[in-house]
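User: Got a model to go through with you. Can we start with the terms, then the details?

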Amino acid sequence: MRTSTVVATAAVSMLVSAGVAHQTGALPGQADEARPSAAPVELAVAPQQLEVLAGLPCLPHPAMNVSLTNQGAEPVFADSFLTADEPLELSRPSFSSYLPPGQEVSVPFVVTAPHGTAPGTYEVTGELLQRLPRGDTVTARVEVTAPPPKTPGSNVLLGERATPSSSYVTASTAFNPCGAVDGDRTWSHATAWNSANSGVFPSTYEVTLPEPRTMNRVDLYTSQSASSTPERHGLRDWDVEVLVNGSWRTVAQVRGNTQLVVSSVFEPVETTALRVVALASNDGKYARIAELEAYYDVPEQP
Amino acid sequence: MSTSLGRDRLLAASATRRRFLTLTGASAAAALSPWLLGIASGSDGPATPRPSGYPFALGVASGDPLPTAVVIWTRLVVDPLAPFGGMDYLRMPVEWQVAEDENFRRVVRSGSVQAVPEWAHSVHVDVTGLRPARQYFYRFRCGREVSPVGRTRTAPAANASLDRFSFAFVSCQSWTSGYYTAYADLARYDYELVVHLGDYLYEYGARPEVARQAELPTHLRYPTLGETWSLDQYRDQYALFKADPDLQAAHAAAPWITTIDDHEVADNWADEAAYDGEPWETFLIRRANAFRAHWEHMPMRVPKPVGPDLPLYRRFTFGDLMELNILDTRQYRSPIVAQASPEWQDPDRSITGAEQEAWLLDGMGASTARWNVIGQQNAIAQLDSRAGAGQTFGMDRWDGYPASRARVLGGIHERGVGNVISIGGDLHRSIASDLALDAGDPGAPLVAAEFVGTSISSGGDGVDIDAAGQRTLAENPHVKYVNVQRGYVGCTVTPDLWRSDYRVVEYITRPGAPASTRTSLVVEDGRPGIQAG
């Protein structure tokens with residue numbers, strides 16, 4: 001990326017500058033950081049033990065909390081670092097905050113185990129950051145268990161990774177990108193998906209599967225609440241597409257819908273990803289899916 | 001987690017770096033220089049910690065120009081998307097140089113400082129002993145790595161006779177909304193100053209609807225676990241925003257004077273009051289976290305924040321031509337109330353706080369400058385948004401604090417301060433207005449002209465005018481111009497004439513939009529009121 005020429009240019013100029021008066025001026029207060037005081041800060045991670053399912057990133061995961069407590073008499077800032085044994089993933093890698101005296105300041109974080117993580121015990125480590133010597137560390141145990149196997153009659157999309165083209169967010173409201181595959185058919189911010197941009201179609205909601213699965217039915221639940229109906233705000237037109245050999249194939253098309261739930265049945269297909277391409281809603285504004293489910297209805301034996 | 005975005009952007013920043021340094025005329029013969037090997041500096045022994053990669057991924061900046069001083073800034077980061085910028089938790093020595101020429105043949109000041117991890121390896125040097133109204137170039141070195149070169153400019157001497165000054169003002173740069181094409185345009189011009197009026201940062205984090213489709217690490221995505229709240233999260237957001245090559249180019253092109261609006265902390269906060277109902281005890285912790293990260297990332301001369309307090313209002317003079325009063329209308333304001341509330345008209349309510357208001361009026365009263373500028377966050381102008389009878393106001397603006405507006409405009413009028421210009425932001429739209437002593441009285445004397453600039457990116461591509469803009473024009477006869485595209489305002493100030501050029505870009509959800517001047521508006525010396533340019 002950088003060439004030796006670039007560095008050399010600067011080096012020449014640095015030599016040329018020799019003899020110019022040096023200035024050590026820093027801004028007021030900058031010098032006081034030269035020697036850090038041993039801040040009496042306590043770091044904790046809780047709970048000490050947590051159970052996590054391997055895979056299924058869109059199912060609600062239990063949170064851990066990392067906390068910093070200032071045991072001294074003066075306010076301080078503290079930095080901490082969070083790590084986990086491979087292949088666990090943490091939703092936040094660090095936690096730094098202002099700490100008034102005596103007040104515990106804590107934030108949640110989520111531990112996830114990717115699909116295929118071997119069941120067993122793993123460690124999450126929190127480290128209070130100081131310059132040398134290294135700061136204190138604390139650990140918590142994470143028990144990873146295998147998810148229940150998906151049987152022929154179960155919803156193959158449940159909890160799998162969802163990637164919407166957009167997701168509605170304001171200062172006070174945030175729809176959960178996972179909301180349409182979280183196993184909850186309720187229309188609410190936490191448990192449903194709403195596209196971000198009014199009037200922008202198509203919007204897509206894509207679900208990626210960790211391994212190929214067969215399906216022949218997709219059930220789409222759109223929005224309904226005490227103050228709204230599918231006729232007013234629900235999804236009207238959409239295509240259902242599945243990924244086969246690297247290409248998207250349309251397996252169902254729905255047009256003019258006014259119902260809460262629509263089942264689309266098609267020939268059985270084995271796929272690694274499914275997406276709904278939302279083309280229109282009944283209010284003309286947003287794509288709304290409360291829950292998206294896919295099944296393989298094994299033909300009944302005569 | 002993929003860091004492909006970070007890699008792309010580092011590559012883009014690297015291209016910018018190469019371009020600038022190529023201009024300096026490289027000499028490969030110097031490749032064996034001991035400076036290159038990093039062994040020339042006596043204090044730089046073998047045990048001196050060094051970053052693990054190129055540490056200037058956030059570029060350089062300068063700010064708060066005085067006649068003989070300017071602050072130069074950088075923050076050591078090897079990976080903008082990694083926690084702590086991918087830096088070890090160690091002190092790092094950083095050398096700096098200021099020169100009269102971009103080849104650094106005439107270095108006039110230089111020195112070294114320690115970048116410390118507790119302040120996110122940020123470096124602020126108040127370079128003193130400079131000459132007024134001069135262009136300078138600056139750069140940093142850490143270990144073997146040399147930063148991009150920044151260009152800055154000192155202010156003219158306090159009473160120097162000045163026949164021209166040009167500056168740009170900007171606001172509202174939501175990273176997720178789109179590209180900073182307006183900054184690329186701004187960086188092409190020789191503005192002597194850039195004023196940022198707030199919403200440099202947004203606390204929402206990187207939303208999934210981003211125009212800049214990108215795979216970000218989990219901790220930068222929203223909503224992982226709610227809004228930016230802790231210090232590490234604010235730092236991460238600044239690093240994400242500041243990794244942008246267009247923003248870096250704008251910082252490297254001119255000194256900036258910055259202040260805050262709400263989103264540097266949280267939406268619509270007011271002093272100790274959070275808009276979302278967070279108790280003040282924890283909101284002040286959040287504010288302290290936000291302010292520390294803000295200080296770390298801005299080229300400001302203001303002292304470091306003390307807990308949740310960061311005094312930001314300050315004054316800059318540019319010869320005998322212009323004085324800029326930069327305000328903070330967040331930290332000391334009365335609570336935001338509903339328009340229906342009887343408190344709305346309470347004469348004690350203030351958007352500035354009493355102390356800042358007195359400072360503003362006393363300072364303006366004592367000014368000897370030809371043009372007197374108030375740099376504030378939104379619109380002082382009354383902006384009724386209801387069609388027809390009745391009035392509806394945005395209560396987060398000066399409209400929510402009519403007593404404050406009356407005292408400030410009345411105070412300016414009483415003191416006979418002439419040629420007053422208000423510049424603002426926040427609205428994500430350009431609005432130019434005449435400010436009368438009483439907006440409800442067509443016969444009231446004009447006190448000032450106001451130019452509210454649109455956003456750099458917040459709000460998406462935008463349109464020339466929308467229904468709300470038409471209403472603003474129809475309901476508010478003192479409003480002379482509305483536009484709802486993205487951009488910034490370039491100002492050319494002479495003793496006889498103030499000119500504001502509204503620069504707009506055609507779109508921001510894709511890079512590379514063309515920019516143009518949508519309109520030019522002027523104010524004549526001694527004749528308050530906006531006219532077509």
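Analyst: A polar contact is a pair of N or O atoms within 3.5 Å; within protein, one must be able to donate a hydrogen and the other to accept it, and residues adjacent in sequence count only if both atoms are side-chain atoms. This is a predicted model: local features need pLDDT of at least 70, side-chain atom pairs count only at pLDDT 80 or more, and totals for chains, interfaces and linings use all residues. Residues are numbered from 1 along each chain as written, chains are lettered from A and ligands numbered from 1 in written order, and side-chain values use heavy atoms, without hydrogens and water.

User: Which side chain does A:Glu241 join in a polar contact?

Analyst: That of A:Arg275, at 2.7 Å.

User: Is A:Glu241 buried or exposed?

Analyst: Buried, because its relative accessible area is 11%. The cut-offs are under 20% for buried, over 50% for exposed and partly exposed in between (1.4 Å probe, protein chains only).

User: Where is A:Glu241 placed?

Analyst: In strand β14 of chain A, residues 235-244. Strands are DSSP runs of E, at least two residues, numbered from the N terminus.

User: What does A:Glu241 touch?

Analyst: Leaving out residues up to four places away in sequence, its contacts include A:Trp248, A:Thr250 and A:Leu274. Contact means heavy atoms within 4.5 Å.

User: Switching to the open sheet. What is the strand order?

Analyst: β3-β10-β9-β5-β7 in chain A, with mixed pairing. Two strands pair if DSSP finds at least two bridges between them. The edge strands are β3 (49-53) and β7 (94-99) of chain A.

User: How many bridges join β3(A) to β10 of chain A?

Analyst: 5, and the two strands run parallel. A:Leu53 stands opposite A:Thr145 in β10(A).

Conventions: Helices (H or I, at least four residues) and strands (E, at least two) are DSSP runs, numbered from the N terminus.
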